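Thank you all for making time for this. I would like to walk through one model with you, going from the contact between its chains to a single sheet and then to a single residue.

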Amino acid sequence: MDPDLVLLLNGVVSGLLLGGLYAAAAAGLSVSFGMLDVVNIAHPAFMVLGALLVALLWGATGIDPLVLSVLLTPAFWALGAALYVAYHHFFERRGDEAIQGLAFFFGVMFIIEVGLVLTVGPDQHFADASYANTTWRIGEVDLPLRMLVPALLALSAIAGLSLFLRRTFTGRAIAAVAQDREALRLLAINPVRIKRLAFGISIAFAALAGGALVVVQPVDAWSGHVFIGRVFAIVIMGGLSSLGGCVLAALAFGVLENVTATFYGPSWSPAVAFGCLLLVLAVRPQGLFGRAA
Amino acid sequence: MQGISRRGIGRLALAAAAPMTVPATARAQAAPSGPPIRIGYSMSLSGGLAPNGRPALTAHKIWAEDVNGRGGLLGRPVELVNYDDQSTGAQVPGIYTKLIDVDKVDLVVSGYATAIIAPAMPVVMQRNMTFVSLFGTGVNADFKYDRYFSVNCTGSKVKETFAKGFMDIAMAMDPKPRTIALVNLDSDFHQRTAESARFLAKELGLRIVYDRAYPPSTVDFGPIIRSVAAARPDIVFAGSYPPDTAGLLRAASEQRVNFQMMGGPMIGPHATAQKLQLGPILNNLVVWDVYAPEPTLQFPGTKELIERYQPIAARENTDALGYYVPPMAYAQMQVLEQAVKRVGRIDQAALAADMHANQFDTVIGPLRFDALGEWTEERNLYTQYQGVQGNGIDQFKRTGTQVVLYPPRYKSGDLRKPYTAGA
């Protein structure tokens with residue numbers, strides 16, 4: 001096969017796998033930022049918290065990191081719900097959520113990072129999944145399981161969430177709360193309760209993303225920083241409240257980054273990916289799958 | 001008033017005679033007294049540089065304990081005054097201004113690495129303080145401050161010497177390599193090191209088939225390694241920081257690359273956590289380093305320092321083995337200590353003159369400084385991981401696991417090639 005074609009195929013496939021990781025990181029934010037209008041800038045820090053907890057638990061038990069991340073989701077859901085209660089009480093209820101709420105989540109991010117340094121140290125932590133050193137080869141295309149398995153878990157979880165949002169009454173209420181919270185009250189639904197539930201789900205997704213992240217790369221307390229810009233860009237590009245759009249944007253981001261890195265050098269990757277974001281917003285300000293106001 | 005008995009008079013007489021009868025060495029180790037000599041600096045205890053900042057502080061504390069145990073410096077206790085710079089250069093000028101103007105420290109040293117040292121320079125220069133830095137690369141090339149002294153093995157001619165060891169090892173292979181790939185993180189340190197490799201490759205007639213930098217935000221290193229492999233280089237000179245090093249080596253392993261030689265300033269396996277994580281993937285990797293636990297690199301005090309550091313590191317959750325930063329950080333303070341002892345007072349000009357004029361015997365070996373404050377003789381070590389099996393920590397304490405290939409005077413093993421996954 002033509003060497004350039006091999007490079008292109010591998011660039012696309014590895015980009016899709018990378019996009020799976022991005023989708024895992026962005027899906028939770030799509031719920032909190034896209035649907036609930038809560039600018040949770042600490043979302044990547046929660047992902048790192050999940051990753052480091054998974055690494056510690058893996059060190060203690062040897063259980064697969066992705067299984068551990070699934071087991072952590074109830075605790076993260078509770079953490080997210082509690083955090084939303086505080087956020088609602090001190091900011092949202094008073095209508096101070098715009099700037100002060102943003103500052104609140106900045107503070108949460110720093111507390112998580114410093115807390116992690118003080119408790120687990122500043123060093124990198126890792127969790128070696130049993131499949132992490134295996135690479136499947138289909139023709140000339142490599143499929144490293146280190147990237148493939150977390151991507152599949154992430155996409156499955158997102159598909160499950162999407163079904164939940166579409167098929168269940170509570171799920172529809174979550175989708176509706178961002179549009180008109182007062183209309184929910186007419187249906188005897190407490191919008192605060194719904195938002196608390198949904199915010200818990202978004203943080204539970206951070207735990208899943210953490211498990212995926214620690215399989216892909218070693219993690220330290222500040223590993224979330226490189227994801228902040230990306231995950232917000234992906235959620236905006238996808239159309240804020242659209243989970244499907246979020247996944248497609250994440251996959252597009254991964255492919256753009258990796259194909260650019262392969263042919264034009266890795267320095268151009270962020271510029272091309274974020275350039276495409278600007279292009280999308282110029283043509284479709286509501287994002288790929290967002291609805292025009 | 002109580003009368004003095006004959007026995008009491010006898011005790012007093014003994015006490016009065018004591019200073020004349022105890023040996024001189026014991027007198028020198030008497031408890032230090034007087035106002036402390038305060039040594040101020042910023043240190044990265046949080047943020048991205050903390051994995052190296054915290055071991056450095058641990059080594060400094062061990063040094064202070066040692067000095068105070070020996071009777072202090074000029075008979076006075078030493079006291080370390082440090083603030084967390086959060087790995088942010090912007091914090092550093094304020095910290096040094098406070099240290100010098102408010103805390104009135106007697107001496108200043110630097111925190112860890114170039115990004116923290118450079119922002120301190122204007123403040124330190126304005127106050128004419130003598131400044132001993134840690135892991136700075138080419139910081140004084142532009143400042144040309146005559147009271148700057150660098151505890152880093154790169155020397156002042158980074159372009160001509162940094163990659164020399166790597167190239168010497170490569171050119172000694174049979175057959176000689178003809179092509180080279182350069183890949184590095186887009187950071188100040190790695191740009192300088194890549195420039196050295198580029199310069200020497202041209203000198204040696206090596207054809208550069210790949211030469212690209214990657215941004216710090218890179219997550220997937222698969223495409224980079226694939227592009228490098230597609231260029232079919234004989235050898236690969238790579239410069240990276242810990243998360244990237246893991247990503248590059250994982251990708252190299254997954255793609256089953258086969259290069260005659262691969263390595264360079266790939267910072268990462270220097271930290272114990274990454275040694276354990278990568279395990280056999282490290283085999284045959286040629287890594288720039290500053291120290292390895294090999295018999296050729298044992299200097300007075302090195303082994304004792306490591307033995308004292310490791311239990312503290314276990315308690316403080318910091319780098320478990322401590323081969324990378326702690327010896328250099330301890331040596332940084334030894335330079336200061338020896339200069340103060342020779343000068344006999346805290347005099348910034350005299351201290352700088354002494355540091356320029358004399359040799360320092362440290363736990364990382366003897367050092368001398370040139371006019372720019374860099375080592376007169378660079379000591380870039382190129383080491384190779386060999387025979388790593390599994391992910392156990394004890395193998396990394398044994399000699400022969402990380403052999404020294406360069407410079408020849410510290411050589412402890414021979415090159416194994418090629419670099420290929422899990423060699």
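**Where the chains meet**

In this predicted model, 31 residues of chain A are in contact with 36 residues of chain B, contact meaning that the C-beta atoms of two residues, placed from the backbone, lie within 7 Å. On the chain A side, the elements giving two or more residues are α1 (3-35), α4 (99-120), β2 (141-144) and α10 (243-264), where helices (H or I, at least four residues) and strands (E, at least two) are DSSP runs numbered from the N terminus. The largest share, six residues, comes from α1(A).

As for conventions, residues are numbered from 1 along each chain as its sequence is written, while chains are lettered from A and ligands numbered from 1 in the order in which they are written. Local features need pLDDT of at least 70 and side-chain atom pairs count only at pLDDT 80 or more, whereas totals for chains, interfaces and linings use all residues.

Turning to chain B, there are 15 helices and 16 strands, and along its principal axes the C-alpha trace spans about 95 × 45 × 35 Å. Among contacts in chain B between residues at least 6 apart in sequence, 72% join residues at least 24 apart.

Chain B contains an open sheet of five strands in the order β2-β1-β3-β4-β5, with parallel pairing, two strands being paired if DSSP finds at least two bridges between them. Its edge strands are β2 (78-84) and β5 (148-151) of chain B, each of which pairs on one side only. Within that sheet, three bridges join β3 (residues 107-112) of chain B to β4 (residues 131-134) of chain B, and B:Y112 stands opposite B:L134 in β4(B). Helix α14 (residues 325-343) of chain B packs on the sheet, touching β3, β4 and β5 of chain B, and its direction makes about 175 degrees with that of β4(B); here axes are lines fitted to C-alpha atoms, for helices over the stretch in contact, and angles run from 0 to 180 degrees between N-to-C directions.

Finally, back in chain A, is A:C246 buried or exposed? This residue, which lies in helix α10 of chain A, is buried, with 32 other C-beta atoms within 10 Å; the cut-offs are 20 or more for buried, 12 or fewer for exposed, and partly exposed in between. Leaving aside neighbours within four places in sequence, the contacts of A:C246 include A:A23, A:S30 and A:I234. The C-alpha atoms of A:C246 and A:I234, 12 residues apart along the chain, are separated by 6.1 Å.
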